[in-house]
Amino acid sequence: MLTPRYSPAFDVTRVHALARALTSRGVEVEVLTQDARRTAAARFYSRGVGTRRYPVPLAHGTSLARELRYYGGRHAREFDVIHAHGAHPSLALMATRARPRALAFTPNAPIQGMLHHPYSPIIHAVIGYGGNVLCSAASECGLLCAAFPRAARQIWHVPPLTDIECIERAEPIARKSGIVLSVGRLAQVNRIDRVIASMAAMEPSYRLTVIGDGRARGKLVAHAVDLGVSDRVDFVGWVPTAAVYRWLRTATVFVALAEQEYTPVRIFEAVCAGTPVVASDIAVHREAASLIGAPAVRLVSTMGSPLEVADAIHAATGAIIPQSSRERLPGNSEMADRTLATYAAAMDARSRVDVARS
Amino acid sequence: MIPTLNEAPNLPYVLPRLPCGIHEVIVVDGGSTDGTVAVARTLRPDVRIVTQVGHGKGDAMALGFAACSGDIVVTLDADGSTDPAEIPRFVAALSNGADFVKGSRFAQGGGSSDITRLRRVGNRILSGLVNSFYGTSYSDLCYGYNAFWKRCLPYLRVDCRGFEVETLINVRIAKAGLVVHEVPSYERNRISGASNLHVMRDGIRVLTTIGAERMAAARPRSRLTGSLRRLLA
């Protein structure tokens, strides 16, 4: 597995969880990653998963560690499948150019953006090589199939991995007020400004906790000050996944108002934690809402007013997530089985290409 | 909500034309000496009088908003230039999903027999400036005939004194992302008396307000923002 970024809490990331799930099924997994904070390469085992971590000189999104490129290129054929994660262009293209036996790619980004420069070469390269593209949402698969109708067999819907056990075990944080929680990159597309604006229409007993960081942080902080709600909005930055789970268990309502999204995993995690969700009316969220049902997920229009968001938060407060909603969430075994099926299909397709060439 | 300052001759053309079924009428009086309050009480015994201690339209509106107890707030001028009979049009727009409804003299069906060419040009320039900053489509920035849900009050936070209050409100609702609809409105000549509006002075105040709000959005705690705000106070 190739993943572009390493973090100290790597062993609770989704890539690592997927690796563990596959390892438990007897698959030998090695994770290759890179880290801008390290100066030396390292190889270690973390919860049964072998990991190679290489230093990359720049934290820039497109930088690729030289040693990672060298190792991947040299040893690609030793692996049955190379599975690249993330929209990191250099990493994904390196995976295709290494001519692996079989290739799988999980974009971890909205397909709408992946179809345009500078990401479109990745999808073309993966599909052209015969690799499989794994999407977390059926609507994302639909977009990709519409763009590549002849490659429909290479586009797979694999439900996102939700660490149900970890979430249910997480200890809620003691709090005195209603917590509205937002988790995600601080970017314009995620419309955290709407959530901040809705706080002005809510009682002072509600506080907004924003987990995440990004370029829009300064503007969002200024927006909160400008609206006079900065005393009720907390920007906590990025926190480890275990802490995110604790916040999900603590929150009164989880809010996801992004205009574009590629995965419903945050909604699944919130529902797992027993927290009702207010989400924007986009395809991925509609898909999650139809799976989980009301009152767990309420949808608001993407162009609506912050008053509409405030009303939805009020309506969602105190809603009890029925057990039937949680039972409908796809389990990790289903996710692991689907992933293995995509690997098998990629290997099968690749072997036919090799036979045809020989 | 009607701010007044020596509007006794004009109130007989305003208060009786209010539609039926209004929850309350608030008159914010800025110390009139011509019997405005008595006239208001005679015309409408159920009127609520709020006495303004400070000065200026902005200050009056802030007081009036704080006193409102209904679900919908409508701001009217007391000089007879705005027609209370248009209120149902505003309320209908609110019922159709708007958070804030702006009257516009330049929307199709609107008009004005009071506006001068200089004010028209100035209004256009200032509206264009706000539209370019905030992505809005205001056609009439400096018109005080508005209606909104009372829930919008936390976004208005009126903290200015003068005629720039309408611009301030329009900019703040745009920054908050509230849904704004415009409805056509006809502005008639003032019935009697002289306006307190001074074109150049108030135009500069409006421009300064736009600048201050723009700076506040970018750097809310900067010294320049504070200076602009003190200039307006």
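Tutor: Before we begin, contact means that heavy atoms lie within 4.5 Å, while helices (H or I, at least four residues) and strands (E, at least two) are DSSP runs, numbered from the N terminus. This is a predicted model, in which local features need pLDDT of at least 70, side-chain atom pairs count only at pLDDT 80 or more, and totals for chains, interfaces and linings use all residues. Residues are numbered from 1 along each chain as its sequence is written, chains are lettered from A and ligands numbered from 1 in the order in which they are written, and side-chain values use heavy atoms, with hydrogens and water left out.

Student: Which residues of α2(B) and α6(B) meet?

Tutor: From α2(B), Lys57(B), Gly58(B), Met61(B) and Phe65(B) meet Val165(B), Glu166(B) and Ile169(B) of α6(B).

Student: Why is α2(B) called oblique to α6(B)?

Tutor: Axes are lines fitted to C-alpha atoms, for helices over the stretch in contact, with angles from 0 to 180 degrees between N-to-C directions. Under 35 degrees counts as roughly parallel, over 145 as roughly antiparallel, 65 to 115 as roughly perpendicular, and the rest as oblique. The two axes cross at roughly 55°, and α2(B) is therefore oblique to α6(B).

Student: How do you know that β2(B) and β3(B) pair?

Tutor: Two strands pair if DSSP finds at least two bridges between them. β2(B) and β3(B) have four bridges, in the parallel sense, so they pair by that definition.

Student: What makes β1 and β3 of chain B edge strands?

Tutor: The open sheet has the order β1-β2-β3 in chain B. β1 and β3 each have a single partner strand, so one side of each is left without a neighbour in the sheet.
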